[in-house]
Amino acid sequence: MHNNKLLSSSILVTGGAGFIGSNFVLDWLKQSDEPVINLDKLTYAGNLSSLESIKNNPGHIFVHGDIADRGSIRDLLENHQPRAIINFAAESHVDRSIHGPDDFIQTNVVGTFHLLEEVRAFWQGLPESEQSKFRLLHVSTDEVYGSLEPDDPPFSEFSPYSPNSPYSASKASSDHLVRAYHHTYGLPTLITNCSNNYGPYQFPEKLIPLMILNAVNNKPLPVYGDGKNVRDWLYVTDHCAAIRTVLAHGRPGEVYNIGGNYEKTNIEIVQTICSVLDELQADQDGHARKSSYLDLVTFVTDRPGHDRRYAIDAGKIKRETGWIPKESFETGIRKTISWYLDNLEWVKNSTDGSYQNWITKNYGSRRKK
Ligand code: NAD
Ligand code: DAU
């Protein structure tokens, strides 16, 4: 049965109080008058202070809720009739998934399923002309493809899924569900698989903000294993731009890999952070710090099942939409470090509560190597 309602000019973002989601919402409202409805459960990783600057912007409608709550999703869709949904909501930290996978299955798998069911019902109730305009963009990760050997070519959209952690397995599962809803029901979906993001508002459990903040607090910099695991790094606003581009120009049912073409070992990333901090400290004091922040580096017990290397072939998104990253790592990491140094209040705000328990749980039993 069609309700003859028309899609409105608005988008629904889930997980928009998290790291990438909040950057996306802030960026969106800088470039567009189109309202954003932002549904977030406000887990430990969601932080309303990341959205402080748009607190009074009528184009931002925040709703506290869960993607697994069918009634809330139904009401939101009925009330706002968004033309697109971008699903960022997830449990996102690999180490937490190793300590406790339950929440990952609940949000990433079951939550995505419930979201898909409500979106399908909403979409099927639209007139056909509106159905073809609608989009559901599911934000995913390169980790679904597993781990690369040093000489393997980067992941393409044809790489087989081979997830190795409870986190990546839960994301792979959600990708499969999204794909199936396109294949079976014709829902106009898009999936993006992106490499490691960094930038403002990232919760300090992830490598880059954790290392910046530990360093400035003179705490050890815990590098897992031999520090030679490789990740590809992308500045968060480049990821946001890629998502906007795929939303506008991506072909329904397609997958787009997104990456920064910047592969580095973890120890190289930590060394870069230390040398930028050394330089900033020297500028501030007028002379070099007696010892380098590098002295704080401590190799510790490895992450179980630690993927050795990720790399992304972003050729498809470039060919089909023209998207390429704007920020180099050299400039992006400086912006990121400065942002954390200038926003210690945000850090304090987001690390109140259960953060210290997490640090003890994850690092307490790791041995120095
Ligand atoms: P994050 O952990 O910083 O934020 C996740 C947000 O989702 C939080 O605001 C949280 O409150 C919210 N959330 C969690 N469960 C929810 C639920 N059941 N209902 C509604 N909201 C819920 O994560 P992030 O780093 O911003 O990642 C966002 C998305 O991008 C995730 O899907 C992640 O898998 C993917 N991704 C992340 C990276 C990265 O490097 N961070 C790279 C590629 C893909
Ligand atoms: O590749 C995309 C993925 O990148 C996203 O899907 C995830 O949501 C995101 O968390 C990130 O996963 P990683 O596991 O790669 O990110 P993390 O920042 O946790 O770790 C980056 C690398 O640094 C990894 O090889 C583990 C290592 N590491 C991490 C921490 C927190 C350390 O050596 N020490 C640490 O304390």
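Helices (H or I, at least four residues) and strands (E, at least two) are DSSP runs, numbered from the N terminus. This is a predicted model, in which local features need pLDDT of at least 70, side-chain atom pairs count only at pLDDT 80 or more, and totals for chains, interfaces and linings use all residues. Residues are numbered from 1 along each chain as its sequence is written, chains are lettered from A and ligands numbered from 1 in the order in which they are written, and side-chain values use heavy atoms, with hydrogens and water left out.

**View 1. The shell around ligand 1.** Helix H1 (19-31), strand S5 (135-141), helix H6 (166-185) and strand S7 (196-198) each bring at least two residues to this shell, and S5 gives the most, with 3 residues. Among the 28 residues around ligand 1 (a heavy atom within 4 Å), Ile 20, Asp 40, Ser 92, Tyr 167 and Lys 171 come nearest.

**View 2. Polar contacts of ligand 1.** Here we look at pairs of N or O atoms within 3.5 Å. A polar side-chain atom of Lys 171 sits 2.6 Å from a ligand oxygen, while a backbone N or O atom of Phe 88 lies 3.1 Å from an oxygen of ligand 1. Taken alone, ligand 1 exposes 840 Å², and the protein buries 97% of that (Shrake-Rupley method, 1.4 Å probe).

**View 3. Ligand 2 and its neighbours.** Helix H7 (207-216) and strand S8 (221-224) each supply at least two residues of this shell. Polar side-chain atoms of Thr 141 and Asn 196 each lie 2.7 Å from an oxygen atom of ligand 2. For Arg 303, a side-chain N or O atom is 2.6 Å from a ligand 2 oxygen.

Notes:
A polar contact is a pair of N or O atoms within 3.5 Å; within protein, one must be able to donate a hydrogen and the other to accept it, and residues adjacent in sequence count only if both atoms are side-chain atoms.
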